[in-house]
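Biologist: I am new to this one. Could you take me through the structure step by step?

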Amino acid sequence: MQIKVPVKFIAGELDMVYTSLGIKEYIHGGGFKEDVPNLEQVIVQKGVAHFNNQEAAEDISNYIHDFINKF
């Protein structure tokens, strides 16, 4: 099923989910965009792992704030 709302995807480059076999290729190779056609942006945070909302809280807050303000 496709996700049809606007999306900004944020992941940490050290996140074990992001680094799992085939996930980076899915996200950056077009498969993710096929399943999420309104994907507006993919952000991969350098030096951040799974709990990016805690590891880079200010950055996450700013990304979310900027995204929501567009509407």
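The conversation below goes from the overall fold to single residues.

Modeller: Please keep in mind from the start that this is a predicted model.

Biologist: Understood. How many helices and strands are in the protein chain?

Modeller: The protein chain has four helices and two strands. Their order along the sequence is β-α-α-β-α-α.

Biologist: And what does the C-alpha trace span along its principal axes?

Modeller: The C-alpha trace of the protein chain spans about 35 × 30 × 15 Å along those axes. Its accessible surface is about 5100 Å², and carbon and sulfur atoms account for 57% of that surface.

Biologist: What share of the residues count as buried?

Modeller: The protein chain has 71 residues, and 23% of them count as buried.

Biologist: Which residues make up the largest nonpolar core?

Modeller: That core has seven residues: Val 7, Ala 11, Tyr 18, Ile 27, Phe 32, Val 36 and Leu 39. As a general point, nonpolar side chains tend to be buried together in soluble globular proteins.

Biologist: Let us take Ala 11 from that list. Which residues is Ala 11 in contact with, leaving aside neighbours within four places in sequence?

Modeller: With those neighbours left aside, Ala 11 contacts Tyr 18, Ile 43, Val 44, Gln 45 and Asn 52. Tyr 18 is also a member of the largest nonpolar core.

Biologist: Gln 45 is in that list. Where is Gln 45 found, and is Gln 45 buried or exposed?

Modeller: Gln 45 belongs to strand β2. Gln 45 counts as buried because its relative accessibility is 5%, and buried means under 20%.

Biologist: What does Gln 45 touch, not counting residues up to four places away in sequence?

Modeller: On that basis, Gln 45 touches Ile 10, Ala 11, Gly 12, Glu 13, Asn 52, Ala 56, Asp 59, Ile 60 and Tyr 63.

Biologist: What about contacts in the whole chain? Among those between residues at least 6 apart in sequence, what share join residues at least 24 apart?

Modeller: In the protein chain, 67% of those contacts join residues at least 24 apart.

Biologist: Changing topic to charges: how many salt bridges does the structure hold?

Modeller: The structure holds one salt bridge. It is formed by the side chains of Glu 40 and Lys 70, at 2.1 Å from N to O. This pair links distant parts of the chain, 30 residues apart: Glu 40 is in strand β2 (residues 39-45), and Lys 70 is in the segment after α4 (57-69). In general, side chains of opposite charge can pair when their charged atoms come close.

Biologist: How exposed is Glu 40?

Modeller: Glu 40 is partly exposed, and its relative accessible area is 41%.

Biologist: Where is Lys 33, and what is Lys 33 in contact with?

Modeller: Lys 33 is in helix α2 (residues 31-35). Leaving aside neighbours within four places in sequence, Lys 33 contacts Asn 38 and Leu 39. Lys 33 counts as partly exposed, at 38% relative accessibility.

Biologist: Finally, where does Met 16 lie, and is Met 16 buried or exposed?

Modeller: Met 16 lies in the loop between β1 (7-12) and α1 (23-28). Met 16 is exposed, with a relative accessible area of 68%. Met 16 and His 50 are 34 residues apart in sequence, and their C-alpha atoms are 7.0 Å apart in space.

Notes
Residues are numbered from 1 along each chain as its sequence is written. This is a predicted model: local features need pLDDT of at least 70, side-chain atom pairs count only at pLDDT 80 or more; totals for chains, interfaces and linings use all residues. Side-chain values use heavy atoms; hydrogens and water are left out. A nonpolar core is a set of buried Ala, Val, Leu, Ile, Met, Phe, Trp, Tyr and Cys residues joined through side-chain atoms within 4.5 Å. Buried means under 20% relative accessible area, exposed over 50%, partly exposed in between (1.4 Å probe, protein chains only). Contact means heavy atoms within 4.5 Å. Accessible areas come from the Shrake-Rupley method with a 1.4 Å probe; for residues, only the protein chains shown count as cover. A salt bridge is a side-chain nitrogen of Lys or Arg within 4 Å of a carboxyl oxygen of Asp or Glu.
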